[in-house]
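Q: Can you walk me through this one? I'll ask as I go.

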Amino acid sequence: MIDLMLAWLTDPANWTGSDGVPVRTLEHVVYSLVTLAVACAIAVPAGLWIGHTGRGTFIVAGIANGLRALPTLGLLVLFVLIIAPLIGNDLAFVIPSLVALVVLGVPPVLSGTYAGIQNVDPAARDAAYGVGMSGRQVLWRVELPCALPLMFSGLRSATLQIIATATIAAYVSLGGLGRYIIDGQATHDFPQMLAGAVLVAVLALLADLLIAGVQRITVSRGLTGRYRRTAADPPSAGPVAGGAGSEGDRVLDPV
Amino acid sequence: MKRTRLAVVAGLVGAALTLAGCGGSDALAPDTSSAPPADAGTIVVGSANFPENVVLAEIYAQALQGKGLNVQTRLNIGSRETYIPSLEDGSISVIPEYTGVLLQYFDKNATAVDPEGVYTALKAALPEGLSVLDMSSAEDKDAVVVTKETAEKDHLTTIADLAPYASQMVLGGPPEWKTRETGVPGLKKVYGLNFKSFKPLDVAGPLTVQALKSGIVQAANLFTTQSAIAENDFVVLQDPKNLFAAQNVVPLIRTDKVDDTVTSTLNAVSAALDTEQLADLVKQAEVDKTDPATIAKNWLASKNLG
């Protein structure tokens with residue numbers, strides 16, 4: 001089976017045309033990016049607000065976690081059956097797919113964001129108010145940067161889930177790498193199915209690596225404890241290099 | 001290969017279950033003939049486990065009963081792999097079947113596609129002890145379906161009529177239709193149809209029905225007797241070139257149960273039934289949730305066969 005899959009993956013015929021791997025991958029990336037953008041546009045502001053004000057944590061967290069339990073495929077078919085009579089074109093498949101994936105992507109980003117804000121060291125927050133910052137300034141200059149590690153962890157979790165689940169778009173006739181999985185299953189072409197699954201996994205890992213890279217650049221070194229080692233700054237002086245980068249409450253160590 | 005081994009295991013388990021099921025029910029049901037010749041007068045009508053087949057079995061049973069025969073029913077037995085052995089061991093005497101799939105069951109390499117050819121090949125392929133009576137013109141098979149509006153606007157009655165319009169139409173069907181011979185390639189080869197595009201949906205399920213209904217696709221693959229067709233006023237296009245192998249309804253019966261009364265009764269049923277009526281019977285069972293026995297009774301009465 002593995003060698004048949006490798007044969008499928010290395011067959012040039014599978015890498016060209018509208019059904020080729022590059023086109024399907026691009027479709028998959030587009031679906032995932034659009035979904036992720038919409039999910040972040042909803043979840044980040046909501047998360048910042050909840051985290052900063054402390055209001056609505058119980059309700060929103062409850063709803064967000066409840067959403068996680070919804071079966072995405074069932075949601076997708078339900079939306080299609082509801083929307084199709086209203087819109088008689090391809091959007092009747094596109095919109096439900098995006099909605100179903102957004103529902104999947106919102107909870108991790110939302111929880112990451114508000115938990116990140118809420119877990120900011122109270123001392124840092126107090127200090128910020130103490131030097132006369134307004135609530136808005138505290139949020140943008142102190143809480144948000146300090147919350148970034150947890151926010152990124154939510155984003156990465158959402159990205160992985162969305163990329164893995166965007167395969168369901170193929171169930172309602174759309175493209176993406178899910179096409180190989182759905183078509184492979186329908187025609188009992190299991191090598192094709194397996195190849196599709198492997199491509200999705202590779203794409204998900206690449207995306208995760210990419211975001212990890214962005215995270216490395218954007219998150220303050222003071223939070224992650226990654227210090228450049230210079231002659232004036234011997235290794236033993238700073239915290240351990242290459243920390244996990246997801247602990248949001250680490251405070252600045254003196255350099 | 002692993003799959004083969006799995007299939008063998010599944011087959012063995014299935015066979016064991018079948019045997020266990022037959023043994024158990026024979027022991028527990030004193031009314032039923034444990035050995036076929038024991039009460040040769042009784043005819044046991046069986047059915048597969050889907051509504052259309054159950055209704056057909058009820059029709060057979062009530063028609064035979066109407067002729068004064070001693071009839072029992074064993075409905076919802078399961079799949080072909082289960083009920084053919086029951087037929088062979090005499091637990092059931094007759095069951096409504098479909099020519100094309102039945103032929104495939106007994107002869108994997110069968111190539112006949114037209115109703116007569118399939119029927120002839122089927123008769124030759126049947127094992128000793130099993131017979132088929134006359135087939136009905138009623139068929140439950142793959143079909144290309146359009147909405148009533150489309151059919152009226154473009155004067156469509158057969159798949160061939162689609163030729164001038166196909167290039168502006170989107171076809172919907174199960175994903176396997178994209179490559180399967182009895183799908184997009186076959187429509188192109190046999191009828192010369194080049195659809196604007198093909199939309200992979202589900203196997204004649206809610207997505208396909210909804211896509212056709214809302215105009216996302218203009219033609220779709222459904223099954224000829226599916227209740228969604230009657231429900232939505234869809235039009236089944238005829239298949240004059242037999243792209244889809246014939247699936248005529250036919251009584252599959254133990255040869256030792258065949259006599260003049262049985263033959264003439266079931267042949268009369270088959271002659272009276274057609275695809276449109278069968279679709280309506282299925283709709284009564286699936287949509288209106290009418291009891292299959294009542295559906296059968298009403299239909300037989302309407303045909304003066306009860």
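Q: Is B:Ser91 buried or exposed?
A: This is a predicted model. In it B:Ser91 is buried, with a relative accessible area of 3%.

Q: Where is B:Ser91 found?
A: In the loop between α3 (80–88) and β3 of chain B.

Q: Which side chain does B:Ser91 join in a polar contact?
A: That of B:Asp89, and the contact is 2.4 Å.

Q: You mentioned α3 and β3. Which salt bridge does B:Arg80 form?
A: B:Arg80 forms one with B:Glu97, where the closest N and O atoms are 2.8 Å apart. B:Arg80 lies in helix α3 of chain B and B:Glu97 in strand β3 of chain B, so the pair ties together parts that are 17 residues apart in sequence.

Q: And is B:Glu97 buried or exposed?
A: B:Glu97 is buried, at a relative accessible area of 0%. B:Arg80 counts as buried too, at 17% relative accessibility, because the cut-off for buried is under 20%.

Q: What does β3 of chain B pair with?
A: Strand β3 (residues 94–98) pairs with β10(B) in the antiparallel sense, over five bridges. One of the bridge partners is B:Val249 in β10(B), which goes with B:Tyr98.

Q: Which other strand do bridges join to β10(B)?
A: Strand β4 (residues 130–132) of chain B, with three bridges, and the two run antiparallel. There B:Leu130 has B:Arg254 as its bridge partner in β10(B).

Q: How many residues of β10(B) are buried?
A: Six of the six, residues 249–254, so the strand is largely enclosed by the rest of the structure.

Q: Which way do they point?
A: B:Val249, B:Pro251 and B:Ile253 point one way, and B:Val250, B:Leu252 and B:Arg254 point the other way. In a regular strand the side chains alternate between the two faces of the sheet.

Q: Switching topic. What order do the strands of the five-stranded open sheet in chain B take?
A: The order is β7-β6-β8-β5-β9, with mixed pairing. The edge strands are β7 (197–200) and β9 (235–236) of chain B, each of which pairs on one side only.

Q: In what sense do β6 and β7 of chain B pair, parallel or antiparallel?
A: Parallel, over four bridges, with β6 spanning residues 170–173. B:Leu171 has B:Phe198 as its bridge partner in β7(B).

Q: How many helices and strands does chain B have?
A: Twelve helices and ten strands. Of its 306 residues, 50% count as buried. Counting the contacts in chain B with a separation of 6 or more, 74% are between residues 24 or more positions apart.

Q: What about B:Thr182, where does it lie?
A: In the loop between β6 and α7 (184–191) of chain B. B:Thr182 is partly exposed, with a relative accessible area of 27%.

Q: What does B:Thr182 touch?
A: Leaving out residues up to four places away in sequence, B:Thr182 touches B:Trp177, B:Leu243 and B:Phe244. B:Thr182 and B:Leu243 are 61 residues apart in sequence, yet 6.3 Å apart in space, C-alpha to C-alpha.

Q: Now the interface. How many residues of chain A are in contact with chain B?
A: 22 residues of chain A, in contact with 15 residues of chain B. The two chains bury about 1,500 Å² between them, 67% of it on carbon and sulfur atoms. In chain A, A:Leu81, A:Phe93 and A:Ser173 lose the most area to chain B, together 26% of what that side buries.

Q: How many salt bridges and polar contacts cross it?
A: The rule finds three salt bridges between chain A and chain B, and four residue pairs in polar contact. On the side of chain A that touches chain B, the elements giving two or more residues are α4 (72–83), α5 (91–118) and α8 (178–186). α8(A) gives the most, with four residues. By class, that side has 14 nonpolar, four polar and four charged residues.

Q: Which residue does A:Asp19 meet in chain B?
A: B:Lys178, in a salt bridge of 3.6 Å, N to O. A:Asp19 also meets A:Arg24 in a salt bridge, at 2.8 Å.

Q: Which residues make up the salt-bridge network there?
A: A:Asp19, A:Arg24, A:Glu27, A:Arg179, A:Asp183 and B:Lys178.

Conventions:
Residues are numbered from 1 along each chain as its sequence is written. Chains are lettered from A and ligands numbered from 1 in the order in which they are written. This is a predicted model: local features need pLDDT of at least 70, side-chain atom pairs count only at pLDDT 80 or more; totals for chains, interfaces and linings use all residues. Side-chain values use heavy atoms; hydrogens and water are left out. Buried means under 20% relative accessible area, exposed over 50%, partly exposed in between (1.4 Å probe, protein chains only). Two strands pair if DSSP finds at least two bridges between them. Contact means heavy atoms within 4.5 Å. Buried area is the accessible area (1.4 Å probe) that two parts lose on being put together, summed over both. A salt bridge is a side-chain nitrogen of Lys or Arg within 4 Å of a carboxyl oxygen of Asp or Glu. A polar contact is a pair of N or O atoms within 3.5 Å; within protein, one must be able to donate a hydrogen and the other to accept it, and residues adjacent in sequence count only if both atoms are side-chain atoms. Ala, Val, Leu, Ile, Met, Phe, Trp, Tyr, Cys and Pro count as nonpolar, Asp, Glu, Lys and Arg as charged, and the others, Gly among them, as polar.
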